[in-house]
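Please open the structure in a viewer and keep the selection tool at hand.

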Amino acid sequence: MLSVAELSVRYGAIRALERVSLDVPDEAIVAVLGSNGAGKSTLLRAISGTHKLHKGRIDAGTITHDGQRLDKLNPAATVARGVVQVPEGRRIFGRLTVEENLRAGGMGVKGRTQAGARDRVFDLFPRLRERRSQLAALLSGGEQQMLAIGRALMANPKLLLLDEPSLGLAPQVVEQIGEIILEINRHGTSVLLVEQNASMALRVADLAYVLDVGEVSLHGSAEELAASDKVQRLYLGHGAEDDAAGDERAAAGTAPRRSVARLSRWTG
Ligand SMILES: Nc1ncnc2c1ncn2[C@@H]1O[C@H](COP(=O)(O)OP(=O)(O)OP(=O)(O)O)[C@@H](O)[C@H]1O
Ligand SMILES: [Mg+2]
């Protein structure tokens with residue numbers, strides 16, 4: 001379980017997060033919604049220890065994972081503890097092949113374990129198997145996102161941090177990404193999912209938080225949040241004047257659709 005308590009982060013004089021508290025229970029998917037500049041990426045960076053690379057500073061609060069403090073660790077030590085981030089904008093290595101990108105993600109993992117992890121990534125993303133020798137720069141946007149997620153999975157995460165995986169992708173591909181997040185979670189990996197696509201995020205998540213200029217303004221089950229006026233209005237695009245058809249659409253688009261089946265852990 002990840003527990004963020006009263007976390008404040010600043011960049012120089014800019015306060016990006018103010019006393020943010022959030023929990024990701026084991027094996028849960030937790031969504032964080034919020035508009036541009038709300039502090040979503042800052043939250044993930046603080047958890048993964050990468051905030052310093054962006055000149056961010058944790059001012060107050062704690063981050064613990066399985067009872068151990070994360071907020072004093074560097075990014076590599078955080079990955080070694082099983083907390084792995086897929087950063088905003090994918091950041092794959094365009095001049096490396098698909099397979100080389102995956103190998104880079106599994107650098108801390110040796111020989112046979114690495115081959116096993118790679119095979120599981122290929123099972124999850126058959127497209128990546130087909131394109132294993134292709135340069136990553138030549139993949140489509142959706143495939144690059146899949147590669148970024150696959151690369152993170154190579155490190156065998158207990159907790160996966162995803163920063164807007166749906167950004168810039170066609171609706172059908174967004175749906176696919178949602179299904180993949182559910183599939184990863186079914187293997188026992190918890191997911192903290194930052195999204196502006198509230199419809200996809202609330203469909204796959206168990207719990208959700210809304211960040212509003214650096215503070216948590218709402219939290220609850222994904223179902224509760226999907227039904228709340230504020231989320232409907234600001235994130236699902238349904239005005240108060242919407243008709244019953246709109247409500248039905250909202251229900252169809254956001255009703256959490258979790259599978260109860262739990263397979264063996266992703267680590268295999
Ligand atoms: N490296 C940085 N230096 C200075 N200010 C920053 C830096 N990164 C983010 N900020 C500021 O911190 C606040 C939170 O930014 P953050 O990137 O966490 O928001 P976000 O919710 O991820 O936004 P988006 O949806 O646009 O990705 C914003 O006011 C932003 O301008
Ligand atoms: Mg961001």
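Begin by selecting ligand 1 and Glu 164: an N or O atom in the side chain of Glu 164 is 3.2 Å from an oxygen atom of the ligand, a polar contact being a pair of N or O atoms within 3.5 Å. This is a predicted model, in which local features need pLDDT of at least 70 and side-chain atom pairs count only at pLDDT 80 or more, while totals for chains, interfaces and linings use all residues. Residues are numbered from 1 along each chain as its sequence is written, chains are lettered from A and ligands numbered from 1 in the order in which they are written, and side-chain values use heavy atoms, without hydrogens and water.

For Gln 196, the corresponding distance from a polar side-chain atom to a ligand oxygen is 3.0 Å. Now display the 16 residues around ligand 1 (a heavy atom within 4 Å); those that come nearest are Gly 37, Lys 40, Ser 41, Thr 42 and Glu 88.

Then select helix α6 (residues 141–153) and helix α7 (residues 171–186), whose axes are 11 Å apart at an angle of about 15 degrees. The two are therefore roughly parallel to each other, a term for angles under 35 degrees. Show Gly 142, Gln 145, Met 146, Ile 149 and Leu 153 of α6, which meet Val 173, Gln 176, Ile 177, Ile 180 and Ile 184 of α7; contact means heavy atoms within 4.5 Å.

Finally, select helix α3 (residues 98–105), whose axis comes within 7 Å of that of α6 and crosses it at roughly 35 degrees. Here Val 98, Asn 101, Leu 102 and Gly 105 of α3 touch Leu 147, Gly 150 and Arg 151 of α6.

Terms used
Axes are lines fitted to C-alpha atoms, for helices over the stretch in contact, and angles run from 0 to 180 degrees between N-to-C directions. Helices (H or I, at least four residues) and strands (E, at least two) are DSSP runs, numbered from the N terminus. Angles under 35 degrees count as roughly parallel, over 145 as roughly antiparallel, 65 to 115 as roughly perpendicular and the rest as oblique. A polar contact is a pair of N or O atoms within 3.5 Å; within protein, one must be able to donate a hydrogen and the other to accept it, and residues adjacent in sequence count only if both atoms are side-chain atoms.
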